[in-house]
Amino acid sequence: MTEKTVRVGFSGDSKELKINPPDTSPPAWDLDSKLAVVGTNVPRVDGPDKVTGRAKYTYDINLPGMLYGRILRSPHAAAIVKSVDTAAAMKMPGVKALVFAFDESKIGEKKLRYAGDEILAIAADSPERADDAVRAVKIEYDPQPFVVDLDDAMKADAPIVNDGKSNVRGKNPRGDAAAVDAKLAGSSKKIEATFRTQVQTHSALETHGLVVAPDGDGIKVWASTQGVFSVRDGLSSNLGLKAEQVRVISTFVGGGFGAKFGPGVEGVLCTKLARQANAPVKLMLTRKEEHLAVGNRPNSLQKVKLGADSTGKLTAISATTFGTGGVGGGAGCTIPAIYNLNRDATYKAESDVFTNAGSSAAMRAPGHPQGIFAMEQSMDMLAYELGLDPLEFRMLNDDNPVRRAQFNLGAKEIGWPNRPKVAGGGKADGPLKRGMGVAGTLWYAGGGKDAKADVEIGKGGEVTVYQGAQDIGTGFKTVLAILVAEELGLKPEDITVRAADSRFPYGPGSGGSTTTPTVAPAVHAAAYAAKRKLFEALATTWQVKPDDISAKDGKVFVASDPSKSLPFKKACAALTADKVTGSADREANYDGYRGNTAGCQFAEVEVDTETGVVRVLRVVAVQDAGRIINKLCSESQISGGVIQGLSYALFEDRIMDKSAGKMVNANFMEYKIAGPKDCPEIKSIVLDVANGRNSVGAMGLGEAPVIPTAAAIANAIYNAIGVRIFELPMTPDKIIAALARKEGAKTA
Amino acid sequence: MSDSSDDGARPKSGVSRRGFLKGVGLGSVAIPAAGLLGGSVVLAEEAPPKPSGPKVFTGEIPIKLRINGKDHDLKVEPRTTLLNALRDRLDLTGSKLVCDRGTCGACSVIMDGLLVTSCMVLAIDAQGKEITTIEGLASGDKLDPIQAAFIEFDALQCGFCTPGLIMATKSLLKTNPHPTREEMQDALSGNICRCGTYDHIFAAIEKVAGGARG
Ligand code: FES
Ligand code: FES
């Protein structure tokens with residue numbers, strides 16, 4: 001190892017760092033690196049497949065002799081399965097296999113815990129016949145008491161969802177409640193408020209599902225997943241197979257958003273059906289099942305207290321939160337530490353509450369949109385209490401140079417000075433009132449050590465990168481092509497990308513915004529290693545040292561000797577073997593500029609005070625993700641996050657019928673997702689930060705942009721109409737009710 | 001896909017759309033007599049035909065569909081949607097099944113010049129019509145300008161909604177080659193993109209339309 005110096009940071013703030021990378025590592029890209037492809041606008045490498053319908057998603061895999069699986073699920077929120085009669089179903093035309101989701105010997109005592117709980121699965125030779133067969137199964141249920149509502153489930157006499165005495169599972173509080181309360185009591189201004197957020201379902205357009213085909217002594221699996229390797233490992237351990245006996249392919253995935261890790265119950269059932277029938281089985285969930293059974297963002301009830309001194313500096317925060325992740329999942333609600341508040345000024349107590357509903361799953365920035373909805377509205381409330389501009393108040397309490405720069409950028413872009421200075425005091429256009437709001441965010445994704453990569457250079461000049469991880473829509477495959485192209489002096493379209501297959505080098509699941517930061521350094525190093533091999537071969541031909549050779553602009557050359565220069569393709573002819581492969585493991589991170597990424601969003605809304613309808617007119621989103629690899633796809637990630645955040649803010653809501661124990665809107669007609677007409681004008685600004693930490697310096701981007709949108713919109717609504725909305729989604733009924741309360745308060 | 005999953009245990013409690021269609025007599029549907037008399041139609045075991053009135057069948061019947069300028073002979077059950085016929089019988093999997101009830105547009109195709117959600121059309125009713133699917137837009141390697149613009153403006157992320165949105169765009173630009181932003185929003189309002197690509201789609205359409213008019 002040799003010590004090197006790199007410069008990290010961004011135009012507004014930078015520093016020098018001493019690093020000690022292994023000698024095999026490529027030279028690290030830092031703030032001063034001039035890169036040709038990295039950071040430019042590169043269209044997706046799989047764009048042509050996606051726009052022509054050629055892309056084969058798991059859903060599109062059709063194999064000869066393939067059967068179709070369908071799951072039979074509990075219609076009850078809680079019930080004992082007394083008996084199951086499958087005789088008629090098995091006699092239906094085309095039925096080939098039937099497997100139970102639980103130990104069959106438990107019939108008579110098996111308890112189903114939510115409407116949607118799996119009972120059994122059937123495979124038949126057409127989807128229609130599989131549906132028929134599932135309908136023909138006769139089951140006797142003994143319905144049990146249940147509870148689906150968060151507040152009801154917390155009551156002492158609530159039916160117990162799981163075992164134990166209570167549905168509430170508290171975690172160890174962090175901080176000293178008494179000390180924090182004392183600080184709050186001594187604050188010159190403080191606010192106290194209760195916020196609620198709803199359950200949101202991931203609603204990826206491609207539902208969960210797989211195609212499983214028996215393959216020799218193992219299986220070949222196509223899975224709609226965020227974790228090629230977690231599906232492989234989950235299925236192999238479940239079936240007692242070796243990892244090599246399970247091959248998982250996920251070339252195209254129709255979205256994930258956090259819910260698609262591991263094989264899931266449906267994966268295990270599909271595999272069992274395929275093995276029983278000894279035929280390929282496709283099992284894709286229906287839209288309804290997708291809403292009920294494969295995860296959601298838990299709801300929240302958050303009691304927040306926040307104080308500041310007379311100069312506007314925060315003094316203390318106290319947050320007590322509850323949420324339900326259904327029968328099994330946690331309901332973590334994270335109020336991230338954006339602003340300057342010491343640990344001894346922070347108290348946080350979190351509890352999960354069980355209900356008879358489908359389990360939660362990680363969803364795009366788990367816990368954070370909930371927490372920021374409460375935190376950033378609390379900040380706003382305190383700013384108005386103090387008589388400070390909400391943006392100025394945030395700047396007073398934020399030391400992060402990146403976010404400070406972002407706040408300034410965003411304020412300029414949206415025209416922050418033009419907002420109404422008094423909440424609700426803006427000029428009205430009939431019943432329409434406008435306002436602006438802001439919210440900050442942060443994320444952590446520096447990536448970890450779990451990745452390998454191979455880069456192959458062929459004698460004919462063909463370059464291929466192999467990496468097993470999946471592209472769930474983020475543009476990951478394009479990232480691979482960009483990194484290799486940069487290192488070899490080529491264009492992204494010169495690189496063949498082979499990804500999303502468990503036969504390729506190991507890659508992480510797409511979670512925590514870590515795919516790119518984890519994989520990128522390994523790919524960079526593999527490309528570098530392959531390049532070194534090419535240079536070594538050329539060095540012999542040219543009678544120079546490998547170190548004298550460079551690759552740039554499609555050429556391989558010796559800078560000091562213009563006679564030694566060849567187009568890349570021709571240079572590859574110097575290889576003695578048919579191809580050379582550079583392989584690399586991801587090295588551990590070293591020191592960097594910052595351990596987390598920063599962001600902020602500004603929203604402008606128009607509220608109809610007669611109908612309560614909120615229209616989001618504009619959103620300016622400024623986000624850092626370390627070094628940006630592909631500007632085009634990064635902007636897509638950001639605006640996509642904003643639209644999903646807006647959808648969460650205004651529309652989406654899993655509605656449970658308390659007395660029936662069922663979700664009443666498990667479809668896309670009544671579970672409203674933001675559509676083209678709801679889309680505001682969006683300005684996505686990526687702030688490129690050379691973050692160091694590895695040779696690439698990329699950080700993750702997937703999650704952060706969805707976090708602050710709802711809070712920024714809520715703050716904008718307050719600015720527009722002078723009424724605060726404490727509960728998501730901010731539907732017209734809540735706006736009207738809040739306005740009526742304000743009117744009532746005035747006249748009372 | 002169907003809505004049967006949770007009602008499996010209680011066959012009477014929910015009538016799914018397709019279950020309903022299946023139970024409807026075929027009296028009004030033109031079925032080649034050979035199909036009825038031949039061995040290909042299986043009488044439904046669960047619903048024996050009544051002595052009078054319309055007869056109820058399940059089982060497959062032969063139909064002919066004209067897709068992307070080519071005729072296809074295939075066999076489907078009468079309840080099979082056009083979408084499932086395309087996907088499961090003809091391996092034309094570009095059109096996607098997402099909501100199964102006409103609310104998301106992922107299955108959009110153009111039928112006799114009109115944009116339709118193919119999950120809401122029965123395959124037997126699509127006979128004799130000119131159907132264009134996403135697979136029919138490009139000619140060979142040459143992309144339709146809409147497809148090229150979608151790539152250029154990154155108007156797609158996971159891409160699952162993309163075929164439907166491209167078909168909706170195609171249909172829009174045919175009748176209105178220079179739409180305003182609002183007209184685009186109206187025309188695409190039958191489509192959902194979970195990844196949130198709408199603003200990039202508008203930019204792509206503006207490019208194809210050669211700049212917006214409004
Ligand atoms: S699948 Fe046809 S409209 Fe959604
Ligand atoms: S690109 Fe993923 S749903 Fe539209």
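A salt bridge here is a side-chain nitrogen of Lys or Arg within 4 Å of a carboxyl oxygen of Asp or Glu. One such pair joins the two chains: the side chains of Arg44(A) and Asp154(B) meet at 2.5 Å, N to O.

Before I go on, the conventions. This is a predicted model, in which local features need pLDDT of at least 70 and side-chain atom pairs count only at pLDDT 80 or more, while totals for chains, interfaces and linings use all residues. Residues are numbered from 1 along each chain as its sequence is written, chains are lettered from A and ligands numbered from 1 in the order in which they are written, and side-chain values use heavy atoms, with hydrogens and water left out.

Now the interface. Between chain A and chain B there are seven salt bridges. The rule also finds 27 residue pairs in polar contact across this interface, both residues at pLDDT 80 or more; a polar contact is a pair of N or O atoms within 3.5 Å, where within protein one must be able to donate a hydrogen and the other to accept it, and residues adjacent in sequence count only if both atoms are side-chain atoms. On the chain A side, helix 15 (631–650) is among the elements that supply at least two residues, as are helix 1 (47–52) and strand 3 (67–73). Helix 15 of chain A gives the most, with 10 residues. Helices (H or I, at least four residues) and strands (E, at least two) are DSSP runs, numbered from the N terminus.

In total, 74 residues of chain A and 63 residues of chain B are in contact, meaning heavy atoms within 4.5 Å. The buried area is about 5,700 Å², and carbon and sulfur atoms give 54% of it; this is the accessible area (1.4 Å probe) that two parts lose on being put together, summed over both. Val51(A), Leu205(A) and Pro676(A) supply 14% of what chain A buries against chain B, more than any other three residues.

Over all chains, the structure holds 50 salt bridges. One is within chain A, between Asp131(A) and Arg70(A), at 2.7 Å, N to O. Asp131(A) lies in helix 3 and Arg70(A) in strand 3 of chain A, so the pair ties together parts that are 61 residues apart in sequence.

Lastly, two backbone details. The peptide bond from Leu728(A) to Pro729(A) is cis, with omega near -10 degrees, and Pro729(A) sits in the loop between helix 16 (709–721) and helix 17 (732–747) of chain A. Gln543(A) is not a glycine, yet has a positive phi of about 60 degrees; its place is the loop between helix 13 and strand 25 of chain A.
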